[in-house]
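Me: Could you go through this structure with me, starting with the charged side chains? I'd like the criteria spelled out as we go.

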Amino acid sequence: VWSQKAVLVVLCLQYFLAACYKLRASGLSWMDGGVMKFYMRDYIDDHPALSQWIGAPILCQVLSVGRLAFEILCPAACFAPRLTACF
């Protein structure tokens, strides 16, 4: 049981520190969707049906904000056992 909690703490810390680094390196401009658009273009070019979504800046912004929110809120899983399933 303690090993599962240790893994959870390390994982939550990793996500949280990733968010801190993103905010430290580029500030709130990281949430403009540019990074998400770059990676989506790199991986979705092979699927023409999905490539039309790459041009939607609002989708990239929503995904960027959601990703950052997930990473910042991830340590909550360490303190609220019911949230562990979400993360």
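Reply: A salt bridge here is a side-chain nitrogen of Lys or Arg within 4 Å of a carboxyl oxygen of Asp or Glu. This is a predicted model, in which local features need pLDDT of at least 70 and side-chain atom pairs count only at pLDDT 80 or more, while totals for chains, interfaces and linings use all residues. Residues are numbered from 1 along each chain as its sequence is written, and side-chain values use heavy atoms, with hydrogens and water left out.

Me: OK, how many salt bridges by this rule?

Reply: The count comes to two salt bridges, and Lys-22, Arg-67 and Glu-71 are linked by them in a network.

Me: What is the N to O distance between Lys-22 and Glu-71?

Reply: Their side chains meet at 2.8 Å, N to O. Helices (H or I, at least four residues) are DSSP runs, numbered from the N terminus.

Me: And how far apart are Glu-71 and Arg-67?

Reply: The closest N and O atoms of that salt bridge are 2.8 Å apart, and both residues lie in helix α4, four residues apart, which is about one turn of the helix.

Me: Are these residues buried or exposed?

Reply: With buried meaning under 20% relative accessible area, exposed over 50% and partly exposed in between (1.4 Å probe, protein chains only), Glu-71 is buried at 1% and Lys-22 is buried at 17%, whereas Arg-67 is partly exposed at 34%.

Me: What else does Lys-22 touch?

Reply: Taking contact as heavy atoms within 4.5 Å, Lys-22 touches Gly-27, Trp-30, Arg-67, Leu-68 and Glu-71, not counting residues up to four places away in sequence.

Me: Switching to α4 itself, which of its residues are buried?

Reply: The buried residues of α4 are Cys-60, Ser-64, Leu-68 and Glu-71. Seen down the axis of α4, they fall within an arc of 65°, so they line one face of the helix, the arc being that of the directions from the helix axis to the C-beta atoms. On the other side of α4, Ile-58 and Leu-73 are exposed.

Me: What covers the buried residues of α4?

Reply: The cover includes α1 and α2 (34–44).

Me: How far does α4 reach?

Reply: Its 17 residues reach 24 Å from the first C-alpha to the last, close to the 24 Å expected, where the expected span is 1.5 Å times one less than the number of residues.

Me: New topic: how many aromatic pairs are there?

Reply: A search of the whole structure finds two aromatic pairs. The rings of Tyr-15 and Phe-70 have their centres 5.2 Å apart and their planes at 80°, so that pair is edge-to-face. Tyr-15 is in helix α1 and Phe-70 in helix α4, so the pair links distant parts of the chain, 55 residues apart. The rule is that rings of Phe, Tyr and Trp (its six-membered ring) pair if their centres lie within 6.5 Å, with planes under 30 degrees apart counted as stacked, over 60 as edge-to-face and the rest as tilted.

Me: What about Phe-38 and Tyr-39?

Reply: Their ring centres are 5.1 Å apart with the planes at 80°, so this pair is edge-to-face. Phe-38 counts as partly exposed at 48% relative accessibility, and Tyr-39 counts as partly exposed at 44%.

How values were computed. Helix = DSSP H or I, 4+ residues; strand = E, 2+ residues; numbered from the N terminus.
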